[in-house]
Amino acid sequence: MTDATGGAKGPDELRRQIERTRSELGNTVEELAGKVDVKGRAWARAADLRDKAGAMTVQLRSSAAQAGHSVHDRATHTGPRPVQTVVQAGLRHRKPVLVAGAAGAVVAVGVLRWRHAHGHR
């Protein structure tokens, strides 16, 4: 109960207004402290991004595995006979295929580095 000038009507009303104002001020100070804590917010954001990256990695690995199985099934069960023969031979002799793939990767990296070093893009 306040009078016409906006003041408290009696000591009890004044105490309630003071307590309400203190509570509001405490909430405001907590909000401001949270906004000023840049380091804490950065750590929280980094943790959130780490979690999202981990989930994305799991999802991508799963998708890649499914795609690999699908390609493997199609390559071994369908397609022209020479392709089937090559794929089946590659599956039987994995080591030479891996060595050839690694050699190809080394050559590709060397070409990219050479092009970058000589200004070719």
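Modeller: Here is a walk through the salt bridges, with the overall fold as background.

First, the ground rules. This is a predicted model, so local features need pLDDT of at least 70 and side-chain atom pairs count only at pLDDT 80 or more, while totals for chains, interfaces and linings use all residues. Residues are numbered from 1 along each chain as its sequence is written, and side-chain values use heavy atoms, with hydrogens and water left out.

The protein has 4 helices and 0 strands, in the order α-α-α-α along the sequence. Helices and strands here are DSSP runs, numbered from the N terminus (H or I, at least four residues, for a helix; E, at least two, for a strand). On confidence, the mean pLDDT (the predictor's confidence in each residue, from 0 to 100) is 81, and 83% of the residues reach 70 or more. Helix α1 has the highest mean, 89, and α3 (residues 81-92) the lowest, 72.

Now to your salt bridges. A salt bridge means a side-chain nitrogen of Lys or Arg within 4 Å of a carboxyl oxygen of Asp or Glu, and a search of the whole structure turns up 5. One of them joins E19 to R22, at 3.7 Å from N to O. Both residues belong to helix α1 (residues 11-36) and sit 3 residues apart, about one turn of the helix. For accessibility, buried is under 20% relative accessible area, exposed is over 50%, and partly exposed is in between (1.4 Å probe, protein chains only). E19 is partly exposed because its relative accessibility is 48%, whereas R22, at 55%, counts as exposed.

Helix α2 (residues 38-77) holds R45 and D48, again 3 residues apart. These two form a salt bridge, with their closest N and O atoms 3.5 Å apart. D48 also pairs with K52, at 3.6 Å between the closest N and O atoms, and K52 lies 4 residues from D48 in α2, about one turn of the helix. Put together, R45, D48 and K52 make up a network of salt bridges.
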